Amino acid sequence: MKRFNFFKVGVIYSLLLFLCSNLQAQDFILNDDKLIDDRAKIKINEIGAEVKSKLGVNIYVYAKSTLGLGENINTKDKIEAIKVIENEIVNTLNKPYVLLTIAVEETHVNLLFSEELKNTLDKNDILNGYVVPLLASKDKNTLYAKVSAATLNGYAAVGDILADSKNIKLESSIGNSGKVSSTIWRVTMYTLIVLGLLAYTYAILKRRK
């Protein structure tokens with residue numbers, strides 16, 4: 001009987017640890033507006049947890065379908081408003097940090113990081129090489145897949161660059177031999193996301209009939 005009780009306590013304790021670790025992992029995705037596929041989220045959290053554990057750096061994602069700035073706002077005011085929003089987010093983050101932000105309706109993507117990482121990360125190289133090309137298409141039907149792929153691609157690139165700077169190999173790495181869908185894993189990941197989107201769309205249309 002005592003062994004059974006110890007077993008039950010062990011199972012409950014393990015479940016609590018599992019739940020706590022998952023809640024902590026979710027902290028890397030501050031917001032996604034359901035734009036990021038669950039499989040991409042799992043990989044992002046896996047990479048984020050390993051980077052935090054081995055390098056002490058927090059990599060965050062903040063993705064929104066819209067920031068609610070309105071259609072008639074001019075470019076200058078939009079830029080200033082986005083800066084205010086991003087600064088508010090940054091002020092809540094644990095340093096050292098990296099923050100990837102995406103706002104779909106505002107066609108905005110940015111990469112912010114704390115001062116100590118300025119000599120390690122090249123914002124333009126990461127965004128132009130790993131994120132923007134996957135967001136460039138205007139096809140609204142594949143928005144879900146594009147944001148998922150772009151976010152994961154950029155997030156993984158940041159993780160690999162940080163790890164390389166310390167001569168550390170990430171076990172969760174998806175590979176960075178080339179930019180934008182250059183490995184079999186990436187192609188497979190994007191295919192799964194697109195197939196998932198098509199299946200979801202088919203299910204919705206079928207339900208409406």
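Leaving aside its neighbours within four places in sequence, which residues is V98 in contact with?

**Entry 1: V98.** I worked from a predicted model. I looked up the contacts of V98 and found V57, N58, I59, Y60, L111, L112, F113, L117, L121, V158 and L162, with neighbours within four places in sequence left aside. I then located V98 itself, which lies in strand β3, spanning residues 97–103.

**Entry 2: a pair across the chain.** I checked V98 against L112, one of its contacts. The two residues stand 14 apart along the chain, and I recorded 5.7 Å between their C-alpha atoms.

**Entry 3: the cores.** I turned to the largest nonpolar core, which has 37 residues; V51, V98, V158 and L162 are the members that touch the most others in it. I listed the elements giving this core two or more residues: α2 (38–55), β2 (58–64), β3, α4 (123–135) and α5 (143–165). The most comes from α5, which contributes 10 residues. I also noted a second, separate core of 11 residues, with V90, L93, Y97 and L99 among them.

**Entry 4: N128.** I next looked up N128 and placed this residue in helix α4. For N128 and G154, 26 residues apart along the chain, I recorded a C-alpha separation of 9.6 Å.

Definitions and conventions
Residues are numbered from 1 along each chain as its sequence is written. This is a predicted model: local features need pLDDT of at least 70, side-chain atom pairs count only at pLDDT 80 or more; totals for chains, interfaces and linings use all residues. Side-chain values use heavy atoms; hydrogens and water are left out. Helices (H or I, at least four residues) and strands (E, at least two) are DSSP runs, numbered from the N terminus. A nonpolar core is a set of buried Ala, Val, Leu, Ile, Met, Phe, Trp, Tyr and Cys residues joined through side-chain atoms within 4.5 Å. Buried means under 20% relative accessible area, exposed over 50%, partly exposed in between (1.4 Å probe, protein chains only). Contact means heavy atoms within 4.5 Å.
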